[in-house]
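The stops below are meant to be selected in order.

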Amino acid sequence: EPDRGDYGTLELRAAVLKRHSYDFLWLYCRLEDYLSRRTLYGILKNWAILDMDELGRVRSIFPDYWEPDIFPDNAGDVLVDVGAYVGDSLKQYVETYGMGYRRIYAYEISLESYGQLSRNAAAMKLHDTVLRRKGAGRAHGEMFVSSSASIASANQLSREGGVQARVEVVPLDEDIQDEVTFLKMDIEGAEQDALLGSERIIRSLHPKLAICTYHGYEDIWKIPLMIDGMYPEYQFYLRHYGGCLIPTEFVLLCKP
C-alpha cells in the first residue's frame, strides 16, 4: 500500500532473498526436473523485479496437488487431506485418479466448512472416508479458528478466540494408525508445525507429499529442508497453480 507508505511485502521479499540465497541455490539443485527449477526461478524473479511473464509460462495444467506425470495413479492410496475445506480438493482427486484409493482421512478446522465437507463427501459417494474436525500440529492441544473475512478457505488456527471457535489440534503421527501413502497439506501457514507432528509417518512410511509452500516467505526453502532431514531419498518437484502478480498456490511435491 504505497499510498500509506507501506512497503512491507517488498521489504520481506528483499530480506529473504538476501539472507537465504544459499538456501535457494540448494533447493534449485535439489529439484528433480527442469519445470521445477524454472518455476522456482519464476517465483524469485517475481519477488526481485515484479516480473509476471515467467510464472505465466510455467503454470501447471493439472489441478492443484494432483500431478499425474509425477503421481500416476491412486491404487491402494491411504490419502490424508489436511485442510480439506469443503472437499474441493477431494473432488479433483477422484476426478483425476478415480476411486481406486483404499481410504481417505480429511481434516478441516472450520465448523461451517466441515459441515459442507460432510455433505459433499456424501454427494460424491466417497467410500472409506474418515472426516475429522481437527487441526494438525506438532503436539496435542486446543486452539481457535481465526476466520478470514474475505476467503473462507483461508481460515487459520489462533491461540486466542471465542468458545464457539475451539478446535482440537493433534499430531498426525498419533491420530492416524493407518499406513499413510499420500499426505497433502494446505493449512494457511501451519504446514511446518504439522510436518513436525508427522515426522514418524514421513520417516517410516515415506508417503507421497503435496505441501503448500507459499503461505510464508520462508516456507519455500524451509519446508524442503525439513522434509529432506526426515527422508533425504525423496525426489522434489515444485509446481505453480496460482496468480502471477503476487505468486500464490505453489506446492512442493515429494515422490519417494
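A contact, as the word is used here, means heavy atoms within 4.5 Å. The model is a predicted one, in which local features need pLDDT of at least 70 and side-chain atom pairs count only at pLDDT 80 or more, whereas totals for chains, interfaces and linings use all residues. Residues are numbered from 1 along each chain as its sequence is written, and side-chain values use heavy atoms, with hydrogens and water left out.

**Confidence**

Colour the chain by pLDDT, the predictor's confidence in each residue, from 0 to 100. The protein chain averages 92, and 93% of the residues score at least 70. Then select residues 149-154, where pLDDT stays under 50 and the model has 5 contacts beyond four places in sequence. Where pLDDT is low, the predicted coordinates should not be read in detail.

**H240**

Next, select H240, which is found in strand β10; strands (E, at least two residues) and helices (H or I, at least four) are DSSP runs, numbered from the N terminus. H240 counts as buried at 0% relative accessibility. Buried means under 20% relative accessible area, exposed over 50%, and partly exposed in between (1.4 Å probe, protein chains only). Which residues surround H240, leaving aside its neighbours within four places in sequence? Display T39, L55, V58, R59, S60, T248, E249 and F250, with which H240 is in contact. The H240 side chain also reaches the backbone oxygen of G243 at 3.3 Å, and a polar atom of that side chain lies 3.3 Å from the backbone oxygen of T248.

**Salt bridges**

Side chains of opposite charge can pair when their charged atoms come close. A salt bridge is a side-chain nitrogen of Lys or Arg within 4 Å of a carboxyl oxygen of Asp or Glu, and the whole structure holds 18 of them.

Select R239 and D69, whose closest N and O atoms are 4.0 Å apart in a salt bridge. This pair links distant parts of the chain, 170 residues apart: R239 is in strand β10 (residues 235-240), and D69 is in the loop between α4 (53-58) and β1 (78-82). R239 is buried at 2% relative accessibility, whereas D69 is exposed at 51%.

Move to K134 and D175, a salt bridge with its closest N and O atoms 2.9 Å apart. K134 lies in strand β4 (residues 134-136) and D175 in helix α7 (residues 172-175), 41 residues apart. Both K134 and D175 are buried.

Finish at K222 and E218, whose side chains meet in a salt bridge (3.8 Å, N to O). K222 is partly exposed at 30% relative accessibility, and E218 is partly exposed with a relative accessible area of 35%.

Definitions and conventions:
Polar contact = N/O pair within 3.5 Å; in protein donor to acceptor, adjacent residues only side chain to side chain.
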